Amino acid sequence: MADLRASWAEFAESVTWPGFQARVPRLGKAIAEIGLDEIERNLGHYAGLINQQA
């Protein structure tokens, strides 16, 4: 359980980082255009594409 708490704390902190915040609009656009299911199935691929747009 401690590992889960530590992982959650790291994730919660990471979503406040400016780099993440800058990508949120592009992620939202990708979800709207491609669909959440597809994004989740191939998250690594789409995360790479979204990061290239930075």
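Predicted model: local features only at pLDDT ≥ 70, side-chain atom pairs only at ≥ 80, totals over all residues.
Rolling a probe the size of a water molecule over the atoms shows where empty space is left. In this model the largest pocket has a volume of about 190 Å³, and its lining is made up of Phe20, Arg23, Val24, Leu27, Ile39, Leu43, Tyr46, Ala47, Ile50 and Asn51. Two elements, helix 2 (18–34) and helix 4 (43–52), each give two or more residues to this lining, and helix 4 gives the most, with five residues.

Val24 belongs to helix 2, and because its relative accessibility is 37%, Val24 counts as partly exposed.

Side chains of opposite charge can pair when their charged atoms come close. A search of the whole structure finds two salt bridges. In one of them Glu33 pairs with Lys29, with 3.9 Å between the closest N and O atoms; both residues lie in helix 2, four residues apart, about one turn of the helix, and both are exposed.

The side chains of Glu38 and Arg41 also meet in a salt bridge, at 3.7 Å from N to O. These two are separated by about one helical turn, because they stand three residues apart in helix 3 (residues 36–41). Glu38, at 24% relative accessibility, counts as partly exposed, whereas Arg41, with a relative accessible area of 60%, is exposed.

Conventions. Residues numbered from 1 in each chain as written. Heavy atoms only, no water. 1 Å grid on protein atoms, 1.4 Å probe; cavity = no way out; pocket = protein on both sides within 12 Å on 5 of 7 lines; lining within 4 Å. Points joined across faces, edges and corners; volume = space filled by probe spheres on them. Buried < 20%, exposed > 50% of the residue type's maximum accessible area, 1.4 Å probe, protein only. Salt bridge = Lys/Arg side-chain N within 4 Å of Asp/Glu carboxyl O.
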